[in-house]
Amino acid sequence: MSLLFVNGLSKHFGGDTILTDVGFRLEWRQKLGLIGRNGTGKTTLLRILTGQMEADSGAIQYEKGIRTGYLKQEEAVNPDSTVLREAELAFAPVLAMERRLREIEIAMADATEEELPAVLEEYNLFHDRFDAMGGYDNLRDIPGVLKRLGFTESDFNKTCGKLSGGEKTRLALARLLLSGCDILYLDEPTNHLDIEATEWLEGFLRDFGGGIVLVSHDRYFLDRVVSSVAEIENTRLTQYKGNFAAFWQQKEANRKRHMELYEREQKEIVRLETFFEKWKNTPSRKNQAVMRHRWAERIRANGTEKPDALAKNAKLGVKSAQVSGNEVIILDNVTKRYGTRTLFEGVRGMIRRGERVGIVGPNGAGKSTLIKILLGRETPTSGMARLGANVTVGYFAQDTSDLDLDATVLENLLMLEDMQAVQARNHLGRFLFSGDDVFREVRLLSGGEKNKLALAQLTWMRPNVLILDEPTNHLDLASREALGEMLRNYDGTLILISHDRHLLDQVVTRTVEVANGVVTWFDGNYSAFREAKRHGKTMHTSVVPTESQPQKSVSEALVQELLSQKPVRVLPPAFEAMNAYQRSKERQRAKAVTVEAEKRVESVEQRLFAIEARLSQPSKEDNVIALSQEHGGVQQALADAMEAWERAAAYCEEIEVAFSG
């Protein structure tokens, strides 16, 4: 018997039909990938299957004794329990099943003739389950499972109430895997997992003996885990054999055949109707004309339905407004520590115009911190990180924290610069915000919609450097494909933090790994990087100039870049001409510019202090003459930074006076 039999499920919300006549079977060891655009009903179907929601019609039948587990997109954990205790409690049902199996084996020896059939039935139920699952030995190392999902030994005794949202989701996944369920319902299980944890999970699920229903937008993950695919489209579910790649081939072939048949029928209708119109008033051929007209009507009534138009896709696209200098980002001996913990140390390197860099590494290794140092949002413990000349940055934060949650979609775009509302609405339409969608408050948007709004802002700004931190979170497959197309066609410099291996392989030509306190540089995409790492090939922990002519040191280049920077533009259009909302946003912007300018002063000061410390007690390796020259350049850079800060602070004070007056 199948693990699960679903027949004729339908679900409506008000006047909207979500699911129509959904049916499928789930067998032992079957891994079913459930796919479809956001909002098509995937999560609704999971909730019905797990009993959290009732269908309007249809039936669900489980095999006797089957245990199910459900990983939601946002899972709750006991805030007072520890990480290790939560995992141990999750494994308790497996231990209880094993104890019961031993008890039944003993009971069989003492059972009466009347008792024996019931005892044997229970024994066969447990024995078949253990046999199908291949035992549970792969779960007995509970600390090992936790480590594979990104927890360290220092996390084991941490109370769950102190975990981040991503850590809670990973713990919920660990609990589910350890619970020994026969059917796993997984809704985006790779969210908050780094690549290493995702690859371990792939292996675990491939070897899993029960059944899996998996919702995911990760093409690599689907290809490596699922044995069949079920797509929800236009309220109906269609099944395909094989992994995602096989599904895609079958779907394209079916769509092509459907279109060809429809087009042949339409041509035949035109031929028949043309004959009718030509001869309908000719007595000798009128009967033939009427017969052809009737045949054309029959094809219209019973022929192939017109294929649905291809689903509307976001039309993402971005072109830089100006060309940056050749040296886009310069890292000079950058170190970042938090207390006794060192994220990375002595990072040196340069990213040049037009390069496409993918940043990978475990969660918590420092990828986002390194990006924030580049942007001046975080101060390094030592060293300097600077943007080059004429660099304009578009930054996508993975938590979309730069969006104004209290403003509408339209207001979030209008606050970027002075533009007409019709221009803004046309631009938002490319990202599937149409009609009254633009008047919704951002706090009411889904995660995918917030991501699209942030991308809409970036593309309007037309930066020559894009820095994207996990941009595919919450995006469905179609939107991910559109994003990949946009990045492939982008003419500027790209820095991409992502766990989406398909996207990394599509767009990056250089890979940077941040792991275990070391930053490693590799020329090639993610797959090439993984292959080189697997074979132990040499990689660089810093960038070495390849040109034959003598090169300036990174520090010298940095000083020249600092001196060539144009003063920060602070003054916007006349403050007095702004409306109340624009004034409020300008006030916030002025404060942010002042804080950024102050951080720049602090960063340059730190560099100056470091040079002075080395000059006061030079080592044998120090070039005192070069250090002295650099000291003069950094002093000039500090003066420029102070001037920019003073202008920003003065303007900020003017605005405060205007508000108080």
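The chat below goes through the helix packing and the strands of a predicted model.

Biologist: Before we start, what should I keep in mind about the model and its numbering?
Modeller: This is a predicted model, in which local features need pLDDT of at least 70 and side-chain atom pairs count only at pLDDT 80 or more, while totals for chains, interfaces and linings use all residues. Residues are numbered from 1 along each chain as its sequence is written, and side-chain values use heavy atoms, with hydrogens and water left out.

Biologist: How many helices and strands are in the chain?
Modeller: The chain has 19 helices and 18 strands, taken as DSSP runs numbered from the N terminus (helices are H or I with at least four residues, strands are E with at least two).

Biologist: And what share of the chain is buried?
Modeller: Buried residues make up 46% of the 661 residues, where buried means under 20% relative accessible area, exposed over 50% and partly exposed in between, with a 1.4 Å probe and protein chains only.

Biologist: Let's do helices; at what angle do α8 and α9 pack?
Modeller: Helix α8 (residues 244-279) and helix α9 (residues 286-302) pack at an angle of about 150 degrees, with their axes 8 Å apart; axes are lines fitted to C-alpha atoms, for helices over the stretch in contact, and angles run from 0 to 180 degrees between N-to-C directions. α8 and α9 are therefore roughly antiparallel to each other (under 35 degrees counts as roughly parallel, over 145 as roughly antiparallel, 65 to 115 as roughly perpendicular and the rest as oblique).

Biologist: Which residues of α8 and α9 meet there?
Modeller: Among them are Ile269, Leu272, Phe276 and Trp279 in α8, and Val290, Trp295 and Ile299 in α9, with contact meaning heavy atoms within 4.5 Å. By class, the contact of α8 with α9 has 10 nonpolar, two polar and seven charged residues (Ala, Val, Leu, Ile, Met, Phe, Trp, Tyr, Cys and Pro count as nonpolar, Asp, Glu, Lys and Arg as charged, and the others, Gly among them, as polar).

Biologist: What about α12 and α13, at what angle do they cross?
Modeller: The axes of α12 (residues 421-429) and α13 (residues 447-461) come within 10 Å and cross at roughly 120 degrees, and the two helices are therefore oblique to each other. Gln423, His427 and Leu428 of α12 make the contact with Leu453, Ala456, Thr459 and Trp460 of α13, a set that divides into four nonpolar, three polar and no charged residues.

Biologist: How is β5 joined to β6?
Modeller: Four bridges join β5 to β6 (residues 183-187), and the two strands run parallel, with Ile183 in β6 as the bridge partner of Thr68.

Biologist: Last one, why is β15 described as largely enclosed?
Modeller: Five of the five residues of β15 (residues 465-469) are buried, so the strand is largely enclosed by the rest of the structure. Val465, Ile467 and Asp469 lie on one side, with Leu466 and Leu468 on the other.

Biologist: Which strands does β15 pair with?
Modeller: Four bridges join β14 (residues 393-396) to β15 in parallel, with Phe396 opposite Leu468. Five bridges join β15 to β16 (residues 493-497), also parallel, and there Leu466 stands opposite Leu494.

Key:
Two strands pair if DSSP finds at least two bridges between them.
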